[in-house]
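Biologist: I am new to this structure, and I would like to learn how to read its features one at a time. Could you take me through them with the general idea before each case?

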Amino acid sequence: MTSVSDLLKHKGHTIVSITPSESLENAARLLTEKRIGAVVVLDRRGKLSGILSERDIVRAIADRGLTAALAMRVEDMMTKEVRTCQPSEPVKDLMKMMTLRRHRHVPVVDASGELVGVVSIGDAVKARLDEQASEVAVLRDLNLSHV
């Protein structure tokens, strides 16, 4: 079964981050530039303090208006209680958690508490589909060898 660690080997360990004091406008520019849907928020020591998604920015605009929202700080709209996963976790379990909790992005933290990557629901779905395609190919080969 594919683990989060296996997924990160293929996807990469690139982490795009921002600080809590940055503006939502800067966050929106970063998300657009990197073509991603969420960014992890790291404090001055480099520790995970939150996550900010496109949805958080849209919610701020809807609540405050465009100009006021974009001037807000990341820490005002970020999710502070971040659900993380570990590299050893099976992708199947991660997908279940992401679906049940409606998380689209999950930071990956190793046993020492170090941030080692970020996984999106799209990454998890792709990994599962690749795994299933591989299983189907093996079964097809087994079936043909018995003919």
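Predicted model: local features only at pLDDT ≥ 70, side-chain atom pairs only at ≥ 80, totals over all residues.

Modeller: In general, the strands of a sheet pair through backbone hydrogen bonds, and the pairing is either parallel or antiparallel. Here an open sheet of 3 strands runs in the order E1-E2-E3, and its pairing is mixed. Strand E1 (17-18) and strand E3 (48-53) stand at the edges with a single partner strand each, so one side of each has no neighbour in the sheet.

Biologist: In which sense does E2 pair with E3, and over how many bridges?

Modeller: Strand E2, which covers residues 38-42, pairs with E3 in the antiparallel sense over 5 bridges. Within this pairing, Val-40 stands opposite Ile-51 of E3. The two strands form a hairpin with 5 residues between them, and in the turn Gly-46 has a positive phi of about 85°.

Biologist: And in which sense do E1 and E2 pair?

Modeller: E1 and E2 pair in the parallel sense, over 2 bridges, and Ile-18 has Val-41 in E2 as its bridge partner.

Biologist: How should I read the two sides of a strand, and which residues of E2 lie on each side?

Modeller: The general idea is that in a regular strand the side chains alternate between the two faces of the sheet. In E2, Ala-38, Val-40 and Leu-42 are on one side, while Val-39 and Val-41 are on the other, and all of them are buried, so both faces of the strand are covered. Counted by residue, 5 of the 5 residues of E2 are buried.

Biologist: Turning to helices, at what angle do the axes of H2 and H3 cross?

Modeller: Two packed helices are described by the angle between their axes and by the distance between those axes. The axes of helix H2 (residues 24-34) and helix H3 (residues 54-64) come within 10 Å and cross at roughly 140°, and the two helices are therefore oblique to each other. The crossing in which H2 passes H3 is left-handed.

Biologist: Which residues meet where these two helices are in contact?

Modeller: From H2 come Leu-24, Ala-27, Ala-28 and Leu-31, and they meet Glu-54, Ile-57 and Ala-60 of H3.

Biologist: To finish with the whole chain, how many helices and strands does the protein chain have?

Modeller: The protein chain has 7 helices and 5 strands, which follow one another along the sequence in the pattern α-β-α-β-β-α-α-α-α-β-β-α. The C-alpha atoms fill a box of roughly 70 × 35 × 25 Å along the principal axes, and 35% of the 147 residues count as buried.

Definitions and conventions:
Residues numbered from 1 in each chain as written. Heavy atoms only, no water. Axes fitted to C-alpha atoms, helices over the stretch in contact; angles between N-to-C directions. Helix = DSSP H or I, 4+ residues; strand = E, 2+ residues; numbered from the N terminus. Parallel < 35°, antiparallel > 145°, perpendicular 65-115°, else oblique. Left-handed = near helix turned anticlockwise from the far one by under 90°. Contact = heavy atoms within 4.5 Å. Pairing = 2+ DSSP bridges. Buried < 20%, exposed > 50% of the residue type's maximum accessible area, 1.4 Å probe, protein only.
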